Amino acid sequence: MAGDIVPIELGLTDGNLFTLWAPRWREGDDEWEAFLGLEDDLYGFDSVAALAAFVRTDDDNDLADHPQWATITELQADELIPDEKHSYDLIGVPELAAEDPRGQVIAELEDALEITRIIGEVCDLTPITKFFTANPILGAVTVGTENFQGRDGVDLWVRIGRLIAKHWDDVIDALDDVVTTPDVDAAALSIAEGELDAAASAEDEDEPEFDPVDPLDEDSDADSDDDDDDDEDDADDVDEGFWGEVGIDPIRIYTDTGEYLTLRCYLGDDAVFLGAKGTIYGFTSERALTRYLAEHNDHALARVSTYGEVQAMANAGELTYDVLPENVYALPGIDEDILDGPRRVDSRQLDLAVELLSDAADFADLDSVDEALGTTTPLGWFVDYTVKPDPNRLAPSGPFDNESESWRALVSDFEERLVRRG
């Protein structure tokens, strides 16, 4: 999760409140974790529109120094709607713990307890930190259904339910006390509400309408053919952009040593990077990358049939590098998140990192990544469970020191083959 700010929804006494959570990120040698708030206050808003209006007009808060704060302030209001994974019904935790220990119930309870524990630690809420430190059996919910099988497992589940029933009111009171709702700018609020309305209307328009076809209507097939032709014409009109046309992607890579821009394409199933003999060339500026492309042909991408077009654009000084989100790879911090278990790892960030490491290993003709991430290895099992979670599946159990160390070794090997060229 390193480097992100995540919209979340918290179900508390006064209803559902919306705020932002920044999972652990690093600045130099320091590590931080924070929520949207200021000093002793955690800010919560009764609508996504109010949250959007606030972040656009306020820079006096604990997240304003986060590396991604500027990105958050530029999002459309509908992009701040929390996804299902980050919506936590904290008021309903006792009822959840009273249900049968099915996989989905355990997963939802684990998520609710985890975000509560994090808020307690970040906001220094003694009733919450005491609740978790005094009741280590709560950690049993992190191992999926395994701990709650058989008579002993049912007894453990009942004990956890009783603990929650006894102490959860104190936990909720502590959360209610720390949450405050600051005023928001009325004009900014109106704009955000308009964006949400527009997004909702667009979504309604995108929903396909069912148009029944009479099988006896002889014109129906002809109409269908006309529609297909129109669709093909529309597809032809889509502007893929220069990089889409040449089949090469600019990619951005973040490592502990810096930020790098490079290129990659696929020839069949084989990844080909801007580099040679398994080494990937990384550039710290667009200008340096363009200059290199204009002057060099001694690299693997030069054998791609469309590379001549790239070089011509580079020589003309007309190249721009719009990196798509799926081509941005952030490696720092994943090893530390792994130490805390699958639910503290950003599954999308990990999935992208695996893609990068796998492609780079294939480019270097190495089997090390495939071997390390095989599902029979501890790291492979951890990654597979994190990327494709299933509450009915046995979760990896900690400690995860070996998995973290194995991941660090893969990243270190990759970074040795990522060479700065400008």
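Tutor: Buried means under 20% relative accessible area, exposed over 50%, and partly exposed in between (1.4 Å probe, protein chains only). Helices (H or I, at least four residues) and strands (E, at least two) are DSSP runs numbered from the N terminus. This is a predicted model, in which local features need pLDDT of at least 70, side-chain atom pairs count only at pLDDT 80 or more, and totals for chains, interfaces and linings use all residues. Residues are numbered from 1 along each chain as its sequence is written, and side-chain values use heavy atoms, with hydrogens and water left out.

Student: How far apart are the end C-alpha atoms of α13?

Tutor: The expected span is 1.5 Å times one less than the number of residues. For the 17 residues of α13 that gives 24 Å, which agrees with the distance between the end C-alpha atoms, 24 Å.

Student: Which residue in β13 stands opposite Tyr254?

Tutor: Two strands pair if DSSP finds at least two bridges between them. Strand β8 (residues 248-255) runs parallel to β13 (residues 328-330), joined by 3 bridges. Opposite Tyr254 stands Ala330.

Student: Which residue in β9 stands opposite Ile251?

Tutor: β8 and β9 (residues 258-267) pair in the antiparallel sense over 8 bridges. They form a hairpin with 2 residues between them. Opposite Ile251 stands Thr262.
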